[in-house]
Every structure is written in C-alpha cells, then in structure tokens.
Amino acid sequence: MQKAFALLEHLQDGSTHSGEEIARRLGVTRTAVWHHVKSLQAKGVAIYATAGKGYRIPGGYEFLNHTVIETEMSDRGRRAVRAIYVDRVIDSTNQRLLDMIAGSSIHGVVWLAEYQTHGRGRRGGSWVAPPGSGLCLSLGWRFDSPPSSISALSLVVGIAVVRALERLGATDLTLKWPNDVYHVNRKLAGILIEMRSEFSGPCIVVIGIGLNVALSPDARARINENATDISASSGFIPSRNLVAASVLDELVLILQDFASSGFHPYRSQWERHDYLSGRRIRLEMPARVVRGVARGVAPDGALLVEHGGMIEPFIAGHIVMETDP
C-alpha cells in the first residue's frame with residue numbers, strides 16, 4: 001500500500017496522467033502502475049482509467065497534513081494538542097496510541113491515517129474507511145480525577161463531533177447511543193473509546209473517531225452498514241484537514257470541561273439529538289435481552305428503556321431497532 005500511495009501523489013491534482021509518465025516518476029514498470037491502480041480501486045478509491053490517455057481521480061486527492069490541521073485549529077485547540085502524527089498506512093490509530101502508553105504520555109497526542117489495515121469498531125467489529133474517503137483519527141487523553149459520569153464519555157465525544165460538523169454546514173445530525181453519529185437514518189461517524197485506569201487513580205483514554213467525509217459509490221459498496229457522509233449532510237465536500245481541525249477543536253474543549261463538570265451540562269444537548277428517543281428497540285446483552293421503548297439517558301449517560309411497566313437504566317448493550325409494533 002505504501003507504493004500505491006506514492007502513485008496517489010501523482011494523481012492528487014485531478015488531472016489525467018499517463019501510465020508511462022507515472023511509471024517513469026516512480027521508477028517502476030507500467031504493469032506495476034496498473035497493479036497499484038487496481039489495488040487502490042479495490043479499496044474504494046475512485047481512479048478512472050481511459051484507454052490511450054491514462055489515469056485520474058475526479059476532484060483530485062487531498063492528503064492529510066499535520067501542518068494544515070494545526071493552522072486551521074483555534075489557539076485553544078493548538079495549546080491542548082501536544083502533537084499530531086499522520087501515517088499513510090497503519091494497523092490502527094487507536095492501537096498506535098495504546099502501544100505508547102507504557103513508554104510515554106499520550107495526553108493531547110493525535111494520530112491520523114490515510115488507511116488502516118485493522119481499523120477497529122465497537123464490539124470487536126471493524127471500521128472500513130477507503131483511502132481519502134474520511135477520517136481515521138485518535139486522540140489520547142488523561143483524566144487525573146475522572147468524573148463520576150466517566151461512563152458517559154462516548155456521549156460527550158459524540159456531541160463534540162456534532163458541533164464540529166454543524167460548524168462546517170452539516171444539518172439533521174442525530175446521536176445513537178452510545179457512540180454513533182447519524183444523518184437521516186444513516187451512519188456518518190463511529191466512536192471507539194479504549195480505557196486504561198487504576199483504582200481510585202488517573203484514567204487514560206484513547207478516543208478513536210471514524211468519520212465519512214465523501215464516499216464514492218465503490219466505497220459505499222464496501223461498507224457493511226447503511227452509511228452516509230458529510231457531503232450528503234452539508235451539500236458539499238469539505239477539506240478533510242479542515243474537518244480534522246474542527247473535530248479536534250470541539251473535542252479538546254469538551255474534554256477539558258467534562259473533566260470538571262461531568263455529563264450534567266451536556267445531557268440536554270444529547271437529548272436534542274437523540275436518535276433513539278421514543279423508538280422501540282431491542283437491547284442485547286450477554287445474559288439478557290430487553291425489548292422496550294428508549295426514553296433518553298440518565299444523569300450518568302446510561303440508556304433509559306421503558307419495559308414491563310418500568311424505566312430501567314443500562315450502561316452497555318447492543319441495540320437493534322425493532323420493526324414490529
């Protein structure tokens with residue numbers, strides 16, 4: 001994949017480049033160029049090939065750039081973020097930060113990647129993100145004194161993502177408990193939080209965000225969910241670097257406040273965007289399945305489900321939308 005990304009550098013301007021020209025610049029054969037193109041196409045990159053002319057990517061390809069991201073961030077965001085790393089190909093941005101914990105502080109460290117070979121989703125699933133289609137972003141953070149509502153962390157992260165996207169012109173965004181951002185019944189972003197903590201001590205978290213910016217038809221076909229992207233919710237394709245800067249700005253702001261104020265100030269914001277509110281759901285847990293109606297969230301971020309004549313809070317579980325009355 002590293003060599004394939006070198007090819008993308010020659011197609012990032014959106015113009016048509018011949019296979020011969022690209023082969024000469026890369027120091028490979030035209031057959032090797034063709035194989036790299038096929039590899040990228042298979043991963044969802046919209047590369048068009050025209051016989052006798054060459055290859056092009058309509059609209060070009062924008063690479064993630066840590067300098068551009070830092071420039072687009074607010075002064076407060078830049079002060080809170082210690083370092084931004086960008087890889088072309090990586091196993092998992094979350095895993096890279098987790099691997100750093102034993103040797104150094106990851107507080108305020110950001111890792112992004114153009115492509116993940118083993119991107120992780122919730123419940124052991126995977127996050128599929130074709131190169132150039134969105135963001136694979138992770139942020140390390142340390143809570144010296146975790147708030148009592150630390151279990152609601154994924155909820156406030158979702159609020160931060162919604163705020164960032166609304167700044168960029170996205171509309172009709174909702175939040176599906178506990179960690180998804182939706183637009184018109186389709187998933188736009190997912191959140192994966194991995195935590196390392198000591199009893200009555202500090203808590204270190206890695207916050208992973210997978211966000212679709214602009215999915216090609218081929219990319220949509222490779223995602224096993226009813227997916228959408230920012231372009232559908234805003235009407236245009238924003239810069240991925242600008243999206244990253246906006247998300248980081250809102251994220252560090254809300255994390256700093258959450259450390260001292262907890263979930264309470266954000267509960268009403270969550271409920272305004274609550275995708276599940278009033279809907280019939282099935283909550284699947286290892287030893288139990290509950291069917292009922294979602295009734296918002298508790299002060300600690302637990303999902304409230306009305307069933308059997310009572311309202312019960314749940315802090316974990318897999319949600320399935322019920323189609324039967």
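This is a predicted model: local features need pLDDT of at least 70, side-chain atom pairs count only at pLDDT 80 or more; totals for chains, interfaces and linings use all residues.
# A sheet and its helices

Visitor: What order do the strands of the open sheet have?
Guide: The order is 3-4-5-9-8-7-6, in an open sheet of 7 strands with mixed pairing. Strands here are DSSP runs of E, at least two residues, and helices are runs of H or I, at least four residues, numbered from the N terminus. Two strands pair if DSSP finds at least two bridges between them.

Visitor: How do strand 7 and strand 8 pair?
Guide: Strand 7 (residues 180-183) and strand 8 (residues 186-197) are antiparallel, paired over 4 bridges. V181 is opposite A189 in strand 8.

Visitor: Which strands does helix 7 lie across?
Guide: Helix 7 (residues 153-167) lies across strand 5 (134-143), strand 6, strand 7, strand 8 and strand 9 (203-212), and runs at about 140 degrees to strand 8. Axes are lines fitted to C-alpha atoms, for helices over the stretch in contact, and angles run from 0 to 180 degrees between N-to-C directions. Contact means heavy atoms within 4.5 Å.

Visitor: At what angle do helix 7 and helix 10 pack?
Guide: Helix 7 and helix 10 (residues 240-261) pack at about 140 degrees, with axes 8 Å apart. They are therefore oblique to each other; angles under 35 degrees count as roughly parallel, over 145 as roughly antiparallel, 65 to 115 as roughly perpendicular and the rest as oblique.

Visitor: Which residues meet there?
Guide: Among them are L153, V156 and R163 in helix 7, and V243, D249 and F258 in helix 10. The contact has 13 nonpolar, 1 polar and 4 charged residues. Ala, Val, Leu, Ile, Met, Phe, Trp, Tyr, Cys and Pro count as nonpolar, Asp, Glu, Lys and Arg as charged, and the others, Gly among them, as polar.

Visitor: New topic. How many bridges join strand 12 to strand 13?
Guide: 5 bridges join strand 12 (residues 303-307) to strand 13 (residues 310-314), and the two run antiparallel. Their hairpin has 2 residues between the strands, and G308 takes a positive phi near 55 degrees.

How values were computed:
Residues are numbered from 1 along each chain as its sequence is written. Side-chain values use heavy atoms; hydrogens and water are left out.
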